[in-house]
Structure formats: C-alpha cells, structure tokens
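Here's a quick tour for anyone meeting this structure for the first time. Have a look at the sequence and the model before reading on.

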Amino acid sequence: MPTSRRVLAAAAFLVLVLPLSACGPDGGDGGSTDASGKVEGDITFQTWNLRANFKPYFEGLIADFEKKYPGTHVKWIDQPAEGYPDKLSADAGGGTLPDVVNVSPDLVAPLARAGLALDLDKTAGTYRSEYLDGAWASHQVPGMSGTYAFPWYLNTGPLFYNKALFTKAGLHPGRPPKTYDELFADALQMAKKSGGKVATLANVPTIEDFGRYGVTLMNKQGTAFAFNDTKGVELLGRYKELYDAKALDPQALTATPESSGKKFLTGAVAMNPGSALDLDNFRKNAPSLYRNIGITDQITSTGHVNMYVMGVMVNSHTKHPPAAVAFAHFVTDARNQMSFAKKVAIFPSTAGSLNDPYFTKEDGTDETRVRIAAAKSLKTAVNYTPVLFSDQMKTALRNEVAKALQGKESPRQALDNAVNAADRLLRQG
C-alpha cells in the first residue's frame, strides 16, 4: 500500500470474478459456523500490499495476539497489489485460501456466494456493536443474509471549493452547497455569472452520486439493478441541464482525477474532491487558491456521505474457527485500528473511535483540517457502491451517461440501457 489513496482506489474499483462461484445466491455454508471453544492452533493471515510500509506494525500485532492467546501461531502472508483479485480467485479455486484474508466488499461478495466466507452474524454477532453501523453493513451481500467480513479501515474525502469563485458569482463563500438541490442551483448561478467560463463540477455522475442522491441502486434480492428509477432519471436530467449551461466542465465526459484536479487548480472549476495531499499541492503551486480554499462534506441528499472500506474475512473452511475469528476481531478492534490509523491516513471503523481528539482537535495544520472534516462525515457514512457492481458495469454506466449529456439519448433511455447492461453482466457472473 504505497499510499492510502491507492488503497482507497483499490477498494473502490478492483473486481474479483471467481470461476467457481457461479451466479447462484449462495454457495452453501462451507465449513463450520461454530467459533466457540479454545483459541488455539496455527492460522494464516493474508494482507494486501502492506508489508513494505508496515512490517513492524503487523509483526507487533501478531506478537501481541500470540501473547494473549498462548498456543496460537499466525503466519503472515502479504500479496502485492497487482493481481490480488486473481490470486484470491486461484486460492479459492485450489482450496488454499488463507484462514484470515484482507478484502474489500467487491472482493468478498463472490467468496461469500461460493460459501467460502464465514457469516459473522452467526459466528461473531456479539462483536457487531463495536463497529459503525454503515461499516458493518458494507460487507453484506444482496440476496444473502449475513455479514461476511469484519470492517477494518475506512476512507473518504472532503470536497474542496474555491471561495473566491463563489464570491464572484454572488454566492456566500462560507455556505457551500450541502445537498444536490443546492449544488445545482449554485452551479447554474456560477455558470451564468462567469459567462460559462467557470464550471462548478468536472466529473459526470457515478454510481456513488446516484446513491447519495437517494436513488435505489439494486433490488433487495441482489438480482437486478434499479438506478433507472424516477429519481435516477431526475438526477441525470439535472446533470444534462448543468452540461448545457456549462456548469459542468465540457471535458467531464473524459475527465480523470488528475485532469479534474488541474481544472480546479487553474480556477476553471469551483469544486473538486481531494485529500490533505492536494492541500499541500495548492500551497506550493497555487498560493492564491490555497488562500481561498474551503473544505466541506461530500454532496448528499440522504444525509450520508460515501465511504470506502476494507475488511478482514474469515475463511469458512478454516480448521481453527475460534482462532481465526479471534484474530480477525483482534486486528480490527478499537485499540489496534486506532494504532494503525495514526500510521497512515485512514480511519477506524469502530464505534466511538472517531470521537478521539486525534480526529476532533484542530492543531492548525492542513492534514488535521482534512482529517477532522473526513472523520466527522464518516460517523454516519455508507458504502454506496453495490458490492456486485463491477468495473464493466461502471464503464457501461459512464458510456450511457455521456450519451445522455450529449443529447444522443434521453436520460431515461440511457439509464435503461445501463441497467440492462449491468443486469446482463450480473447474470453472466
């Protein structure tokens, strides 16, 4: 994990396709669901590209666990980021999946459907109250009952805005938009006042935007997508209005995080997501922007921002369920999560941890400003990306959104096409 941003991207976008999982709603319970009994035995623990930067932390973590539970031994395996989904797939198919595995929601879904992930609601439900509700729910799979990984670390990002551009547009620099209604109104005013020279946004809507807008993304059974409902069509229609008014950057259809960042840096765009790393960049390369930078929460009409989450899954076929569950919980308990959060720019998923002074007390630094803003929003955040929404589905949605914004299709037709494509890919899974 070279940086927390790369981990966040991996959690959000990598997709695992297991050849053995098929498309059934449940591959069976697999091994034992009984995690009671003495915590003992040899288990394996696999992480995802963490050894290079955090070897001392994990060696200390394992030593502490083995001291707490004499008779246990944890073998730590760390896999590189490149090819991690393929490695999981190969291990799952070959019966060599480690006892405790670092996963993201999209990676745990096919393992759970194949019966390889232990249902923690059944085996470790007593721990549920220790975690934020949204974090615990993030490793639940539509169409299945249960939770299939302990939530580990979280991430999210604030939204930066240019106070000077807001002032020029006649908008209050201390009152950035909080909801989509406010965002669209401010964006249209910004475009009008600037003669179309300043857009408010540089990116087209993603599945997370539909979630934050309050759109139903998928049916409860996990068998079909639903973001082409009335509210989804309404959102895309409003983005079309922004695009036509130049309130959405004309290059948004092909934008990347890097290109959007450059637009914000030069004052062509008034709002953009980011992190503490961006603040340092503004200070060095755009001092006038830095002097006028505002920090606010992600736009949401649901009252909940989007979170990215990593988890720790227990292999349902482990020979030592008590030890595997105990270790997965140990890795993700409040004390150890807090310790890890202070070593890298991530956030604990445990209830109450975000009230620690580390996440609430200002010290005048840019890093702390961003950390406090993100921590505050994470307390009630949810993971809007459906665990079954693959990269191919994201591409299909983006292509159809582009057609709607260009006027080649109506918002209704574009979303119908995107949902049909996503459902087809889901059935092929």
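Which residues are buried in α4? They are P105, D106, L107, V108, A109, P110, L111, A112 and R113. Here "buried" means under 20% relative accessible area, while exposed means over 50% and partly exposed sits in between, using a 1.4 Å probe and protein chains only.

Before going further, keep in mind that this is a predicted model, where local features need pLDDT of at least 70, side-chain atom pairs count only at pLDDT 80 or more, and totals for chains, interfaces and linings use all residues. Residues are numbered from 1 along each chain as its sequence is written, and side-chain values use heavy atoms, with hydrogens and water left out.

As for the element names, helices (H or I, at least four residues) and strands (E, at least two) are DSSP runs, numbered from the N terminus.

**Helix α4**

- After α4 comes G115, which has a positive phi, near 80°.

**The sheet**

- Six strands make up an open sheet with mixed pairing, in the order β2-β1-β3-β8-β4-β9. Two strands count as paired if DSSP finds at least two bridges between them.
- At the edges stand β2 and β9 (347-348), each with a single partner strand, so one side of each is left without a neighbour in the sheet.
- Strands of a sheet pair through backbone hydrogen bonds, either parallel or antiparallel.
- Strand β1 (residues 41-48) runs parallel to β3, and 2 bridges join them. β1 also runs parallel to β2, this time with 8 bridges.
- Q46 turns up in both pairings: its bridge partner in β3 is V101, and it stands opposite I77 in β2.
- Strand β1 is mostly covered, with 7 of its 8 residues buried.
- On to strand β8 (residues 308-314): it runs antiparallel to β3, with 4 bridges between them. In this part of the sheet, V100 stands opposite V314 in β8.
- β8 and β4 run antiparallel as well, joined by 4 bridges, and F150 has V312 of β8 as its bridge partner.
- In a regular strand the side chains alternate between the two faces of the sheet. Strand β3 (residues 100-103) has V100 and N102 pointing one way and V101 and V103 the other, and all are buried.

**Helix α2**

- Helix α2 spans residues 51-68 and bends by about 35° at Y57. That bend is the angle between axes fitted to the seven residues ending there and the seven starting there.
- Its buried residues are F54, Y57, F58, L61, I62 and F65.
- Those buried residues of α2 pack against β1, β2 (72-79), β4 (150-155), α14 (321-331) and α15 (334-341). Contact here means heavy atoms within 4.5 Å.
- Leaving out residues up to four places away in sequence, F65 touches V39, T72, V74, A323, A326, F327 and F330.
- F65 and P177 are 112 residues apart in sequence, and their C-alpha atoms are 46 Å apart in space.
- G60 is also found in helix α2, but it counts as partly exposed at 29% relative accessibility. Its C-alpha atom is separated by 15 Å from that of T47, 13 residues away along the chain.

**Loops with a positive phi**

- N49 isn't a glycine, yet it has a positive phi of about 60°. You'll find N49 in the loop between β1 and α2.
- K246 isn't a glycine either, and has a positive phi of about 65°. K246 lies in the loop between α10 (230-244) and α11 (257-265), and counts as partly exposed at 46% relative accessibility.

**The second largest pocket**

- The second largest pocket has a volume of about 550 Å³. Of the 18 residues that line it, A137, Q140, P142, N383 and P386 are the closest to its centre.
- A pocket, on a 1 Å grid over the protein atoms alone, is an open set of points where a 1.4 Å probe fits, with protein on both sides within 12 Å along at least five of seven lines; lining residues have an atom within 4 Å of a point. Grid points are joined across faces, edges and corners, and the volume is the space filled by probe spheres set on them.
- By class, the lining has 10 nonpolar, 7 polar and 1 charged residues. Ala, Val, Leu, Ile, Met, Phe, Trp, Tyr, Cys and Pro count as nonpolar, Asp, Glu, Lys and Arg as charged, and the others, Gly among them, as polar.
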